[in-house]
Amino acid sequence: MSETKIRIRDNGPFLVEGPITLEDADGNSYTIDKPTIALCRCGASENKPFCDGKHKHCGFASEERAETE
């Protein structure tokens, strides 16, 4: 089984790679037939929960970094 990895893109979506199950609040699963999906963080996507690139035009800015000790 492959490892699942989530990458945070600066000023963009969460990129999810690997095997996942994505469910809505009612427990309904999305059909995902891609090795990588992009999940919206800006809230402007017309294809939520998936990213459609609107973050490039809505002024979304976020550059989180994991804290190191």
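**Why do we call it that?**

Author: Let's start with a salt bridge: R41 pairs with E64, and their closest N and O atoms are 2.7 Å apart. The pair links distant parts of the chain, since R41 and E64 both lie in the segment after strand 3 but sit 23 residues apart. Please keep in mind that this is a predicted model.

Reader: What makes the pair R41 and E64 a salt bridge?

Author: The rule asks for a side-chain nitrogen of Lys or Arg within 4 Å of a carboxyl oxygen of Asp or Glu. Here the closest N and O atoms of R41 and E64 are 2.7 Å apart, so the pair meets the cut-off of 4 Å.

Reader: Is R41 buried, partly exposed or exposed, and how do you know?

Author: R41 has a relative accessibility of 18%. Buried means under 20%, so R41 counts as buried.

Reader: Which side chain joins S62 in a polar contact?

Author: That is R41: a polar contact of 3.2 Å joins the two side chains. The distance passes because a polar contact needs N or O atoms within 3.5 Å.

Reader: Why is S62 called buried?

Author: Its relative accessible area is 12%, and buried means under 20%, so S62 belongs in the buried class. S62 lies in the segment after strand 3, which covers residues 36-39. Leaving aside its neighbours within four places in sequence, S62 is in contact with R9, D10, N11 and R41.

Reader: Where is S2, and why is this serine called exposed?

Author: S2 sits in the segment before strand 1 (5-8). Its relative accessibility is 52%, and exposed means over 50%, so S2 counts as exposed.

Reader: D10 was among the contacts of S62. Which residue forms a salt bridge with D10?

Author: R65 does, with the closest N and O atoms 2.8 Å apart. This pair also links distant parts of the chain: D10 is in the loop between strand 1 and strand 2 (14-17), R65 is in the segment after strand 3, and 55 residues separate them.

Reader: How do you know which accessibility class D10 and R65 belong to?

Author: D10 has a relative accessible area of 37%, which lies between 20% and 50%, so D10 is partly exposed. R65 reaches 58%, which is over 50%, so R65 counts as exposed.

Reader: What is the closest N and O distance between K54 and E46, and what makes them a salt bridge?

Author: The distance is 3.7 Å. The rule says within 4 Å, so K54 and E46 form a salt bridge. E46, D52 and K54 are linked in a network of salt bridges. K54 is partly exposed at 30% relative accessibility, whereas E46 is exposed at 69%.

Reader: How many salt bridges does this rule give?

Author: The count comes to five.

Reader: Is the peptide bond from K48 to P49 cis or trans?

Author: That bond is cis, with omega near 10°. You will find P49 in the segment after strand 3.

Reader: How many helices and strands does the protein chain have?

Author: The protein chain has zero helices and three strands, and from the N terminus on its elements run β-β-β. Its C-alpha atoms fill a box of roughly 35 × 30 × 20 Å along the principal axes.

Reader: What share of the residues counts as buried?

Author: Of the 69 residues, 20% count as buried. The chain exposes about 5400 Å², and carbon and sulfur atoms supply 45% of that area.

Reader: How many positive and negative side chains are there?

Author: There are 9 positive and 13 negative side chains, and the centres of the two sets lie 8 Å apart.

Terms used
Residues numbered from 1 in each chain as written. Predicted model: local features only at pLDDT ≥ 70, side-chain atom pairs only at ≥ 80, totals over all residues. Heavy atoms only, no water. Helix = DSSP H or I, 4+ residues; strand = E, 2+ residues; numbered from the N terminus. Buried < 20%, exposed > 50% of the residue type's maximum accessible area, 1.4 Å probe, protein only. Polar contact = N/O pair within 3.5 Å; in protein donor to acceptor, adjacent residues only side chain to side chain. Contact = heavy atoms within 4.5 Å. Areas by Shrake-Rupley, 256 points an atom, 1.4 Å probe, with all protein chains shown as cover. Lys, Arg positive; Asp, Glu negative; His and termini not counted. Charge placed at Lys NZ, Arg CZ, Asp CG, Glu CD.
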